[in-house]
Amino acid sequence: MAVRLAKEEELEKVNVLRKQVYDLHAISEPLVFNDHFSDELRKYVYTIWNDPKQDIIVNERDGEIAGFAVLHHINMPQSPFMKERDYLDIEEFCVDESWRRCGVATEMMDYIRDYALEHHIYRIELSVWVFNDPALSFYESIGFRTCRRYMDLIV
């Protein structure tokens, strides 16, 4: 097991996992997501890679990328409504279908906690779609709580 920052030459392997997540979203929320993982989305991983406020981590098992996450350090200035917020947003998170329920996600979350502390960030946030019951269960099992809800009404 090796959870670490991704290497640039691994980004296409990361895209294979990004497509797994995207396909789940496209099937589950077809009114929101396009029906295919486009070249633009494929190239976007390089935009993330080049952003100094974002990092891509991977969990390598047996020479394979078993999971990845995109971490985004966000600092929101104080506003009339909210205090300044400095937090780590997990923008993408995936464990390869063949590695699920093998501890890959837990190892990545342990790494993310340590990463946040090393960067003096004391809050980690993420968003998850309600159709993704396995992800919701996992995040709740490791201590995440629902702190706000986004709702929609299809008319």
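Hi everyone, and thanks for coming. Before we start, this is a predicted model, in which local features need pLDDT of at least 70, side-chain atom pairs count only at pLDDT 80 or more, and totals for chains, interfaces and linings use all residues. Residues are numbered from 1 along each chain as its sequence is written, and side-chain values use heavy atoms, with hydrogens and water left out.

Let's begin with the whole chain. Its secondary structure comes to four helices and five strands; here helices (H or I, at least four residues) and strands (E, at least two) are DSSP runs, numbered from the N terminus. Along its principal axes, the C-alpha trace spans about 50 × 45 × 30 Å.

How much of the chain is buried? Buried residues make up 37% of the 155, where buried means under 20% relative accessible area, exposed over 50%, and partly exposed in between (1.4 Å probe, protein chains only). As for contacts (heavy atoms within 4.5 Å), take those with a separation of 6 or more: residues 24 or more positions apart account for 60% of them.

Now please look at helix α1, residues 11-28. With 18 residues, α1 reaches 25 Å from its first C-alpha to its last, close to the 26 Å expected at 1.5 Å a residue; the expected span is 1.5 Å times one less than the number of residues. Its buried residues include Leu 11, Val 14, Asn 15, Leu 17 and Tyr 22. What do the buried residues of α1 pack against? Their partners are α2 (39-50), β2 (54-61), β3 (64-76) and β4 (85-95).

Asn 15 is my pick from this helix. Asn 15 counts as buried because its relative accessibility is 3%. Leaving aside residues up to four places away in sequence, Asn 15 touches Phe 37, Leu 41, Arg 42 and Val 45.

Next, a residue in strand β1 (residues 2-5), Leu 5. Leu 5 is partly exposed, at 40% relative accessible area. Between Leu 5 and Ile 57 there are 52 residues in sequence but 4.3 Å in space, C-alpha to C-alpha. Again not counting residues up to four places away, Leu 5 touches Asp 55, Ile 56, Ile 57 and Tyr 111.

On to the loops. Pro 30 sits between α1 and α2 and is exposed, with a relative accessible area of 56%. Its C-alpha lies 26 Å from that of Ala 105, a residue 75 positions away along the chain.

Last, some backbone angles. Most residues other than glycine have a negative phi. Arg 101, in the loop between β4 and α3 (104-118), has a positive phi of about 65°. Arg 101 is exposed, at 87% relative accessible area. His 120 also has a positive phi, near 55°; its place is the loop between α3 and β5 (124-126). His 120 is exposed too, at 55%.

Thanks, and I'm happy to chat.
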